[in-house]
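Hi everyone, thanks for coming.

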Amino acid sequence: MSIRHGLLALLERGQMYGYQLRAAFEESTGSTWPLNIGQVYTTLNRLERDGLVRPLPEHEGGQRPYEITDAGRADLALWFATPISRADRPRDELSIKLALALTTPGVDVRAVVQTQRSATMRTLQELTRLKYASDRPEDLPWRLVLDAMVFQAEAEIRWLDHCETSLVRYRPAPPAGRTTHPGAVDRADEEARR
Amino acid sequence: MSGPDAPVLDLRDVHRTHGSGAAAVHALRGVSLTVRPGELVAVMGPSGSGKSTLLTLAGGLDSPTAGEVVVEGQPLGTLDHRELARLRRRRIGYVFQDLNLLGSLTAAENVALPLELDGSGVRPARRAALAALEEVGLTGLGERFPDQMSGGQQQRVAIARALVGERRLVLADEPTGALDSQTGEAVLHLLRRRVDAGAAGVLVTHEARHAGWADRVVFLRDGIMVDSTAPLPGVEQLLSGSGR
């Protein structure tokens, strides 16, 4: 998601100035996505340049509120109507790390899997505790954000379990030019059956 | 060892072998686990890793081949059959995937049953049963029979039965069974609340999302504990304190 659309969605509720936008943004994402005020103003400048928001006269306190334009509303509606493509998300460092661990000499892949699973499990416990603590009806948007993170963490743990069972059966092909002793194969099979 | 923080459950280097010689199956191979009041421990691992064996040993439904199981300071190996049965009825609550509710008894009668078996009078047992049903959100449904209730309600009755009276150790084996995710979550919520009120809990599950409700998660692999995790202290501040 872009901060752009987040800010547009907030301005759809009514005019706001920078600090209000930052506070509202963090509130609606349960502080899982902290913004600094610089990011807010940079984004507002771009939105203004693109005609999606317009600045209003400054308040007495010197804060300048912004309001959404019709073009901004159309852009926001399009964003809500368009599914998010997985291809747009950043590459998954963990899967790349495991793939490299398998082919890098001297790396204990099972230890990598186990360390990651413990860490992700811990995250899952922390998220669940936060969820448990937010059980008022008005916490629903925040709980759904937490649920999304819970399901993602769960998926990662399932994938790590899957990696672990695949590793039990994994026997790397012998380096080219070397023939395998038949006994070695038997032992590997023996181990796999264990 | 006694006192409010003394372990409710203590598994000490527990082994369980089924069969002998070449056909021996080593279900548990030296597992140690301590669970204190207010603590919920999740046990995870693939099928056949020893999860359910651990739970049956903890509940005194089976005895270890070696090692010791101690519940509320009492080594189970030193108890005779009658003492063990009494400890199980009074101190240990079980929630299983198949609910084992008796279809010919009402919800309240199902919940009161362990107390009545333990010699409690019908009236106090019924009072305790109604209180337990209230605790799981089934106020007013005590007179229904299991087949007049939804799957989620039946599971709550099973939980009420596990929590009724003064049970300090709650053992749950995949307690959310085939429930949908919302109802399953409500079941875990109940378990968590009881543990927060001072019970000790062990939850066997293969779902990471459910294990997330625990204070500590242990992983079993081929009867050995390979890994364990606990939340970092002060995690409530993890997200609310970020971005400063």
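**Two helices in chain A**

Let's start where two helices touch: A:His5, A:Leu8 and A:Ala9 in H1(A) meet A:Gly72, A:Asp75, A:Leu76 and A:Trp79 in H4(A). By "meet" I mean contact, with C-beta atoms, placed from the backbone, within 7 Å. Sorted by class, that contact has four nonpolar residues, two polar and one charged. The classes go like this: Ala, Val, Leu, Ile, Met, Phe, Trp, Tyr, Cys and Pro are nonpolar, Asp, Glu, Lys and Arg are charged, and the others, Gly among them, are polar.

Before I go on, some housekeeping: this is a predicted model, where local features need pLDDT of at least 70, side-chain atom pairs count only at pLDDT 80 or more, and totals for chains, interfaces and linings use all residues. Residues are numbered from 1 along each chain as its sequence is written, while chains are lettered from A and ligands numbered from 1 in the order in which they are written. Helices (H or I, at least four residues) and strands (E, at least two) are DSSP runs, numbered from the N terminus.

Back to our pair. The axes of H1 (residues 3-11) and H4 (residues 70-81) of chain A come within 10 Å and cross at roughly 115 degrees. Axes here are lines fitted to C-alpha atoms, for helices over the stretch in contact, with angles from 0 to 180 degrees between N-to-C directions.

Which residues of H1(A) are buried? They are A:Gly6, A:Leu7, A:Leu8, A:Leu10 and A:Leu11. Buried means 20 or more other C-beta atoms within 10 Å of a residue's own, exposed means 12 or fewer, and partly exposed is in between, with C-beta atoms placed from the backbone. Those buried residues pack against several elements of chain A, including H2 (18-28), H3 (37-49) and H4.

**Over to chain B**

Chain B has eight helices and ten strands. Of its 244 residues, 43% count as buried. Its C-alpha atoms fill a box of roughly 60 × 50 × 40 Å along the principal axes.

In chain B there's an open sheet of six strands, ordered E6-E7-E8-E3-E9-E10, with mixed pairing. Two strands pair if DSSP finds at least two bridges between them. At the edges sit E6 (92-95) and E10 (224-229) of chain B, each pairing on one side only. From one strand to the next, the twist averages 20 degrees.

E6(B) and E7(B) are parallel, over four bridges, and B:Val95 has B:Ala172 in E7(B) as its bridge partner. B:Ile92 and B:Tyr94 point one way from E6(B), B:Gly93 and B:Val95 point the other way, and all are buried. Further in, four bridges join E3 (residues 40-44) to E9 (residues 216-221) of chain B, again parallel. One bridge there has B:Ala42 partnered with B:Val217 in E9(B).

Helices cover the sheet too. H5 (residues 151-163) of chain B lies across E6 and E7 (169-173), at about 165 degrees to E6(B). H6 (residues 181-196) of chain B lies across E3, E7 and E8 (200-204), at about 150 degrees to E8(B).

**One last residue**

Is B:Arg16 buried or exposed? It's buried, because 22 other C-beta atoms lie within 10 Å. B:Arg16 lies in strand E1 (residues 9-18) of chain B. B:Thr53 is 37 residues apart from B:Arg16 in sequence, and 7.9 Å apart in space, C-alpha to C-alpha.
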